[in-house]
Amino acid sequence: MLLRVTDLIKTHTGPDGAVVILKGISMAMNRGETLALTGESGSGKSTLLHLVGGLDQPDGGRVEIDGVDIGALNDASRAAIRRDKVGVIFQQFNLIPSLSVASNIAFQARLAGVENLDWIRDLTTRMGLADHMTKYPEQLSGGQQQRVAIARTLAARPALVLADEPTGNLDETTADTVLDLMLALVAETNAALLMVTHSERLAGRMGRRLHLRAGRVA
Ligand SMILES: Nc1ncnc2c1ncn2[C@@H]1O[C@H](COP(=O)(O)OP(=O)(O)OP(=O)(O)O)[C@@H](O)[C@H]1O
């Protein structure tokens, strides 16, 4: 099993004291699977994605990636798993402004030690980025920047791709095209894709769905 989440609990402290955001979530994914994470605003989708990606620590339960309990690791080992196995795509693109599109895309793959130039060329061409490789992020439209952010993550060929509304800034037609590409690319790399979406249309195109309601699996 690539990803196993067991009884995950997360509490945040708000103005009125502690609030339990995730109330015992369990789920699992194999490589090659795609799963839509849906639920009302505030149901805990982003919180779950952050915990799975090791970007935040749970208050209870476990996240295992390839059988390794990431909560039991020290920061350096957890960072290494994140770098080698997990790719994250957020709605805000987090591109590096001082690097060209080509360098932004190669950066993460290089960090993970998997800079496969043929794959990156193929990926960027299919993402419609071939003519933009020497530009800087600020010279691109929002939709183009989003495609760069997606290409950057997929360039490293992560086993697990976590995406938080990756097409949320795109119009419907572009969102469909970008999701088609993402699905094709994760299938080719036999990756698992866990994607938060508010769109019924996009959720319906994923293999499975996990619906959260007030911090529980509905
Ligand atoms: N750092 C934090 N401190 C306190 N409360 C937080 C924090 N992060 C999230 N929350 C609260 O946790 C709940 C779940 O937030 P989360 O972002 O996971 O929801 P979501 O399902 O992703 O929502 P959306 O669809 O609006 O993005 C919300 O009530 C939010 O206010």
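Is Ser26 buried or exposed, and how many other C-beta atoms lie within 10 Å of it? In this predicted model, Ser26 is exposed, because 12 other C-beta atoms are found within 10 Å and a residue with 12 or fewer counts as exposed. Ser26 belongs to strand β2. Once its neighbours within four places in sequence are left aside, Ser26 is in contact with Val5, Thr6 and Asp7. Its C-alpha atom is separated by 9.8 Å from that of Ile9, a residue 17 places away along the chain.

Strand β2 takes part in an open sheet of 4 strands, arranged in the order β2-β1-β4-β5 with antiparallel pairing. The edges of this sheet are β2 (17-29) and β5 (68-69), each of which pairs on one side only. Helix α1 packs on the sheet and touches β1, β2 and β4 (60-65). The direction of α1 makes about 120° with that of β1.

Ile9 has Lys23 in β2 as its bridge partner, while His12 stands opposite Val19 in β2.

A second sheet can be traced in the model. This open sheet has 6 strands in the order β6-β7-β8-β3-β9-β10, and its pairing is mixed. Its edge strands are β6 (86-89) and β10, and each of them pairs on one side only. Strand β3 (residues 34-39) runs parallel to β9, and 5 bridges join the two. Within this pair, Leu35 has Arg208 as its bridge partner in β9, and Leu37 stands opposite Leu210.

At the end of this sheet, β9 and β10 pair in the antiparallel sense over 2 bridges. Here Arg213 stands opposite Arg216 in β10. The two strands form a hairpin with 2 residues between them.

Two residues of the model deserve a look at their backbone angles. Ala214 sits in the loop between β9 (208-213) and β10 (216-217), and its phi is positive, at about 50°, although Ala214 is not a glycine. Ala214 counts as partly exposed because 14 other C-beta atoms lie within 10 Å, a count between the limits of 12 or fewer for exposed and 20 or more for buried. Glu165 lies in the loop between β7 (160-164) and α6 (172-188). Its phi is near 45°, again a positive value in a residue other than glycine. With 18 C-beta neighbours inside 10 Å, Glu165 is therefore partly exposed.

The last stop is the interior. In soluble globular proteins, nonpolar side chains tend to be buried together. The largest nonpolar core of this model holds 57 residues. Within this core, the residues that touch the most other members are Val52, Ala151, Ala155, Val161, Leu162 and Leu193. Ala155 gives a view of such a neighbourhood: not counting residues up to four places away in sequence, Ala155 touches Ile105, Ala106, Gln108, Ala109, Ile120 and Leu123.

Methods. Residues are numbered from 1 along each chain as its sequence is written. This is a predicted model: local features need pLDDT of at least 70, side-chain atom pairs count only at pLDDT 80 or more; totals for chains, interfaces and linings use all residues. Two strands pair if DSSP finds at least two bridges between them. Two residues are in contact if their C-beta atoms, placed from the backbone, lie within 7 Å. Axes are lines fitted to C-alpha atoms, for helices over the stretch in contact, and angles run from 0 to 180 degrees between N-to-C directions. A nonpolar core is a set of buried Ala, Val, Leu, Ile, Met, Phe, Trp, Tyr and Cys residues joined through C-beta atoms within 7 Å.
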